[in-house]
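Reader: I have this one open for the first time. Can you walk me through it?

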Amino acid sequence: MKLLLSVFSIFSSATAFSQNAPNFSKADSLYNEKAYDKSAVLFSILAKTSISSDIRIRSSYNAACSYALIGDTTNAFKMLQLCINEGYIDTLSISEDKDMASLHRYYGWNKVMLSMKKKLQQLKDPKFCKIITTDIDNYWIAYESIKKRKLSDSLLFRQLYFNMASDGLKDYLYSRIGNIDYFITNQNNKKLFYASIKQNSLKANLAKTDIKKGMIALKKMYCDAIFPDIYFVIGAFNSAGTVSPKGLLIGMDMFCKSDNIPTNELNDWEKSVLKNVKDLAPLVIHELIHSNQHVNFNDETLLAASINEGMCDFIAEKCTGSNPNQIIHNWAKGKEAEIFSAFKLEMFTNNYNKWLYNGEESTSSWVADLGYYMGYKIVESFYINTNDKTMAIQQILNIKDYKQFLTDSKLFSPN
């Protein structure tokens with residue numbers, strides 16, 4: 001399968017992928033059978049019809065490979081340009097891809113490479129980063145319309161919110177919300193909460209200054225940093241932030257905490273993760289670090305996943321002065337030995353259940369997402385024990401061997 005475990009793997013969405021899995025798998029099978037003419041057509045269809053930008057990128061890239069392998073340079077370059085338009089900028093990987101070798105002698109290849117380099121240079125300058133809040137405005141148009149009209153919530157949210165979605169909300173819908181029915185269920189379960197958060201949700205722009213400061217701090221710390229656009233959306237209260245090829249996707253409804261906001265409809269985990277608008281900058285920088293990771297995504301162990309999340313918290317704290325998951329650290333204080341011992345037993349497995357993305361299982365005796373804490377502690381120890389701090393950040397963002405990184409951190413022995 002082409003372009004599945006590369007720099008864009010951080011954008012992968014199980015939900016989005018499942019929507020297209022049968023056709024994508026069929027196209028991939030055709031590619032593996034060297035039926036490139038057929039895989040090219042099927043990948044091309046997915047590239048033009050999928051709602052998920054992640055799937056569009058994967059499919060357009062794979063279509064370009066398939067067309068190149070049958071000598072159809074015209075369509076190969078068309079699909080490559082579509083891939084770049086969607087956000088692909090990995091000049092090194094594409095240059096080394098043997099499937100693309102036949103294209104190198106054509107003028108179109110230099111044009112493609114120049115297009116990617118130009119986009120990459122722009123992404124490296126934080127002043128070009130756009131902060132987009134139109135989805136929040138559209139949400140409230142839909143919400144107010146529901147009060148006035150007799151149409152169903154589902155129909156109005158579909159018409160006035162999701163059909164008007166930015167590229168960011170489209171990706172957030174498929175990667176984090178999953179489907180509109182789930183979105184509506186969350187709305188109905190938290191009617192008092194959503195009825196009260198309008199004014200707070202419109203304060204996303206107030207965080208722009210702190211976000212930009214965090215970006216500038218990251219640029220000084222890591223000169224190769226890129227700064228994709230930032231989309232603020234109203235979601236299903238299950239993801240404060242994620243990334244996609246279109247940029248950083250922030251669930252603003254999870255940053256509406258204030259004294260006048262009722263929380264009796266929220267469960268314990270939801271109450272613990274509800275934050276104030278002042279907490280936006282650290283979370284945005286956390287997600288920004290995900291966009292700058294060039295690590296070994298083939299390693300799917302708990303250790304690797306925890307370090308990948310923990311480094312985002314650690315660097316975000318360096319850039320903003322605040323840890324996006326400070327509440328986890330507060331809980332862990334005094335329990336380090338117990339947490340470390342439990343983590344060591346599972347860190348080389350692929351079992352995340354007790355450690356990551358387990359908000360619904362959070363209890364007072366074992367809080368959710370302790371993998372973030374463990375990853376942070378490992379990265380922190382590595383940073384402290386590396387004399388050249390600039391080199392330390394470079395190494396953290398480019399980990400290839402997580403077991404060796406753990407050893408080098410000197411936090412504890414991996415054996």
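Author: One term before we start: helices (H or I, at least four residues) and strands (E, at least two) are DSSP runs, numbered from the N terminus. With that numbering, Phe237 sits in the loop between β2 and β3. Keep in mind that the model is predicted.

Reader: What stands out about the phi of Phe237?

Author: Phe237 is not a glycine, yet its phi is positive, at about 55°.

Reader: Is Phe237 buried or exposed?

Author: Buried: the relative accessible area of Phe237 is 2%.

Reader: Where else is phi positive in a residue other than glycine?

Author: Lys34 is one case, with phi near 65°. Lys34 is in the loop between α1 (14-32) and α2 (36-49). At a relative accessible area of 62%, Lys34 is exposed, whereas Phe237 is buried.

Reader: Back up a bit. How many helices and strands are there in the protein?

Author: The protein has 21 helices and four strands. The radius of gyration is 22 Å, close to the 22 Å that the globule rule gives for 415 residues, so the protein is as compact as a globular protein of that length.

Reader: What does the C-alpha trace span along its principal axes?

Author: About 65 × 65 × 40 Å. Of the 415 residues, 56% count as buried. The protein exposes about 18600 Å², and carbon and sulfur atoms supply 50% of that area.

Reader: What share of the contacts comes from residues 24 or more positions apart?

Author: Among contacts with a separation of 6 or more, such residues account for 70%. Gln122 belongs to helix α6 (residues 107-123) and is partly exposed, with a relative accessible area of 44%.

Reader: Now the strands. In what order do the four strands form the sheet?

Author: The order is β1-β2-β4-β3, in an open sheet with mixed pairing. β1 and β3 (241-244) are at the edges with a single partner strand each, so one side of each is left without a neighbour in the sheet.

Reader: Which pairs run parallel or antiparallel?

Author: Strands of a sheet pair through backbone hydrogen bonds, in either sense. Here β1 (residues 131-132) pairs with β2 in the parallel sense over two bridges, and Ile132 has Tyr231 in β2 as its bridge partner. β2 and β4 (residues 247-251) are also parallel, joined by four bridges. Phe232 stands opposite Ile250 in β4.

Reader: And in what sense do β3 and β4 pair?

Author: In the antiparallel sense, over four bridges. β3 and β4 form a hairpin with two residues between them. Along this pairing, Ser244 stands opposite Gly247 in β4, and Val243 has Leu248 as its bridge partner in β4.

Reader: Which way do the side chains of β2 point?

Author: In a regular strand the side chains alternate between the two faces of the sheet. In β2 (residues 230-233), Ile230 and Phe232 point one way, while Tyr231 and Val233 point the other way. These residues are all buried.

Reader: Is Cys223 buried or exposed?

Author: Cys223 counts as exposed, at 55% relative accessibility. Cys319 is buried, with a relative accessible area of 11%.

Reader: Last one. What pLDDT does the protein average?

Author: The average is 91, and 94% of the residues score at least 70. Over residues 3-18, though, the pLDDT is below 50. Beyond near neighbours in sequence, that stretch has 45 contacts in the model.

Definitions and conventions
Residues numbered from 1 in each chain as written. Predicted model: local features only at pLDDT ≥ 70, side-chain atom pairs only at ≥ 80, totals over all residues. Heavy atoms only, no water. Buried < 20%, exposed > 50% of the residue type's maximum accessible area, 1.4 Å probe, protein only. Pairing = 2+ DSSP bridges. Rg over C-alpha atoms; globule rule 2.2 N^0.38 Å. Contact = heavy atoms within 4.5 Å. Areas by Shrake-Rupley, 256 points an atom, 1.4 Å probe, with all protein chains shown as cover. pLDDT = per-residue confidence, 0-100.
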